[in-house]
Amino acid sequence: MRKTLNLKVFGVAAFLGAGLLLSGCKSTPELTQANALALIQAHYDQLPASGASIAVDDLGMREGITAKYWERKTIYPNKYWADFNLTADGKKAVKLQNGGDVMQWRPDSASDTRYSYVVVTAASNHRKAHDVTDIQDEVLPDGTTGKSASFTESVDLTGVPDPLQGIAHNPGNKLSSKRQAEFVLDGTAWKLKTVI
């Protein structure tokens, strides 16, 4: 009877010891694409909202005149330089980088179709993250271990009037770009360390 009791006590002790040993070996939680996307978007949502920079080329200038966002004020003797005033509708749709209300159109020649003037949408939005891919283990530049993932960052044109959205989609505008995010383990959860 005493041997049986000793075996039971030994068995319980071994079982508890194995449980303590296994509980000390916690596995690293998985970083899923959905979790990574949520962390990246939360980061963007904490940043101040901003307008989108849009390059207005020759086609965009004509589209802006049709939409009544700007109108020609002055034409210069060379016949291809001009100043355009923002209209009341234009002032609601865009802001000029210099803070004024006159677009100074200065192409190199009458046939220069590559010249563009940068405006900023008056509607302010946060950048959007999507298409998280390539989540992999990394040794980060500071020597810590973590994970990295590629994703696409896009300009959000919500609230931007349709004619200006059309100008934004003209050639020469870049509305999305590939970025890299780095994550580190904070206790038992992943957190975003940086976006590159």
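Helices (H or I, at least four residues) and strands (E, at least two) are taken as DSSP runs, numbered from the N terminus. On this basis the secondary structure of the chain comes to 5 helices and 10 strands. The model is predicted, and local features need pLDDT of at least 70, side-chain atom pairs count only at pLDDT 80 or more, and totals for chains, interfaces and linings use all residues. Residues are numbered from 1 along each chain as its sequence is written, and side-chain values use heavy atoms, with hydrogens and water left out.

Burial is described by relative accessible area, with buried meaning under 20%, exposed over 50% and partly exposed in between (1.4 Å probe, protein chains only). Of the 196 residues in the chain, 33% are buried. A contact means heavy atoms within 4.5 Å. Among contacts between residues at least 6 apart in sequence, 58% join residues at least 24 apart.

Leaving aside residues up to four places away in sequence, tyrosine 69 touches Gly64, Asn85, Leu86, Thr87, Asp89, Gly90, Ala93, Pro161, Pro163 and Leu164. Its C-alpha atom is separated by 7.4 Å from that of lysine 91, 22 residues apart along the chain.

Aromatic pairs come next. Rings of Phe, Tyr and Trp (its six-membered ring) pair if their centres lie within 6.5 Å; planes under 30 degrees apart count as stacked, over 60 as edge-to-face and the rest as tilted. The count by this rule comes to 4 aromatic pairs. One of them is the tilted pair of tyrosine 69 and tryptophan 70, at 6.1 Å centre to centre with 55 degrees between the planes. Both of these residues are buried. Tryptophan 105 and tyrosine 115 have ring centres 4.9 Å apart and planes at 90 degrees, so this pair is edge-to-face. Because tryptophan 105 lies in strand β5 (residues 102-105) and tyrosine 115 in the loop between β5 and β6 (117-121), the pair ties together parts that are 10 residues apart in sequence. Tryptophan 105 is buried, with a relative accessible area of 7%.

On a 1 Å grid over the protein atoms alone, a pocket is an open set of points with protein on both sides within 12 Å along at least five of seven lines, whereas a cavity is a set where a 1.4 Å probe fits but cannot get out; lining residues have an atom within 4 Å of a point. Grid points are joined across faces, edges and corners, and a volume is the space filled by probe spheres set on the points. The largest pocket holds about 160 Å³ of space. At least two lining residues come from each of α3 (58-66), β2 (70-75) and β3 (82-86), and α3 gives the most, with 4 residues.

For the lining, Ala, Val, Leu, Ile, Met, Phe, Trp, Tyr, Cys and Pro count as nonpolar, Asp, Glu, Lys and Arg as charged, and the others, Gly among them, as polar. The pocket lining divides into 8 nonpolar, no polar and 4 charged residues.
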